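Thanks for coming, everyone. Let me put the model up, and then we will walk through it.

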Amino acid sequence: NKLGIQVVPYVGTYTIGEAIDIVSDKLLSNWGGFEAEGLVGIPVGDFKTRMGERVIVKIKAVDFK
């Protein structure tokens, strides 16, 4: 906020299956009347990969075209 940079909006808490359904049904962007690029998901728990990096899931709209 101090830098004046917009943050990614919080959309909700969903399972991966629910998030896939939302993105595949053409999720609209909060910044206009166009389709969002997708969703980025972070697990509720503190999950890490074997290399110690946090787990992040990206569901992209382009994958459903």
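Start at Lys65. At 71% relative accessibility, Lys65 counts as exposed. For this talk, exposed means over 50% relative accessible area, buried means under 20%, and partly exposed is in between, with a 1.4 Å probe and protein chains only. Lys65 sits in the segment after E2. Helices (H or I, at least four residues) and strands (E, at least two) are DSSP runs, numbered from the N terminus.

Two notes on the source. This is a predicted model, where local features need pLDDT of at least 70 and side-chain atom pairs count only at pLDDT 80 or more, while totals for chains, interfaces and linings use all residues. Residues are numbered from 1 along each chain as its sequence is written, and side-chain values use heavy atoms, with hydrogens and water left out.

Back to Lys65. Which residue does Lys65 meet in a salt bridge? The partner is Glu35, at 3.6 Å, N to O. Glu35 lies in the loop between H1 and E1 and Lys65 in the segment after E2, so the pair ties together parts that are 30 residues apart in sequence. Glu35 has a relative accessible area of 26%, so Glu35 is partly exposed. The rule for a salt bridge: a side-chain nitrogen of Lys or Arg within 4 Å of a carboxyl oxygen of Asp or Glu. Side chains of opposite charge can pair when their charged atoms come close.

Lys65 and Ser24 are 41 residues apart in sequence, yet 8.5 Å apart in space, C-alpha to C-alpha.

How many salt bridges are there by this rule? Two. Lys48 pairs with Asp46, and their closest N and O atoms are 3.8 Å apart. Lys48 is partly exposed, at 49% relative accessibility. Asp46 is exposed, at 66%.

Next, the loop between H1 and E1. Lys26 is in this loop. Lys26 is not a glycine, but its phi is positive, about 65°. Lys26 is also exposed, at 53% relative accessibility. Asn30 lies in the loop between H1 and E1 too. Asn30 has a relative accessible area of 57%, so Asn30 is exposed. Asn30 and Pro9 are 21 residues apart in sequence and 7.7 Å apart in space, C-alpha to C-alpha.

Compare another pair. Lys58 is in strand E2, and Lys58 is exposed, with a relative accessible area of 59%. Lys58 and Ser29 are 29 residues apart in sequence and 16 Å apart in space, C-alpha to C-alpha.

Now the surface. Which residues make the nonpolar surface patch of about 260 Å²? Ile16, Ile20 and Phe64. Patches take residues with over 30% relative accessible area and no salt bridge; like charges are joined within 9 Å, and nonpolar side chains (Val, Leu, Ile, Met, Phe, Trp, Tyr) within 5 Å. The areas come from the Shrake-Rupley method with a 1.4 Å probe, and for residues only the protein chains shown count as cover. Phe64 is in the segment after E2. Phe64 counts as partly exposed, at 39% relative accessibility.

Last, the largest pocket. About 1000 Å³ of space lies in it. A pocket, on a 1 Å grid over the protein atoms alone, is an open set of points where a 1.4 Å probe fits, with protein on both sides within 12 Å along at least five of seven lines; lining residues have an atom within 4 Å of a point. The volume is the space filled by probe spheres set on the points, which are joined across faces, edges and corners.

The lining of the largest pocket has 30 residues. Val11, Gly38, Leu39, Val40 and Gly41 lie nearest the centre. Helix H1 (16-24), strand E1 (38-41) and strand E2 (57-60) each supply at least two lining residues.
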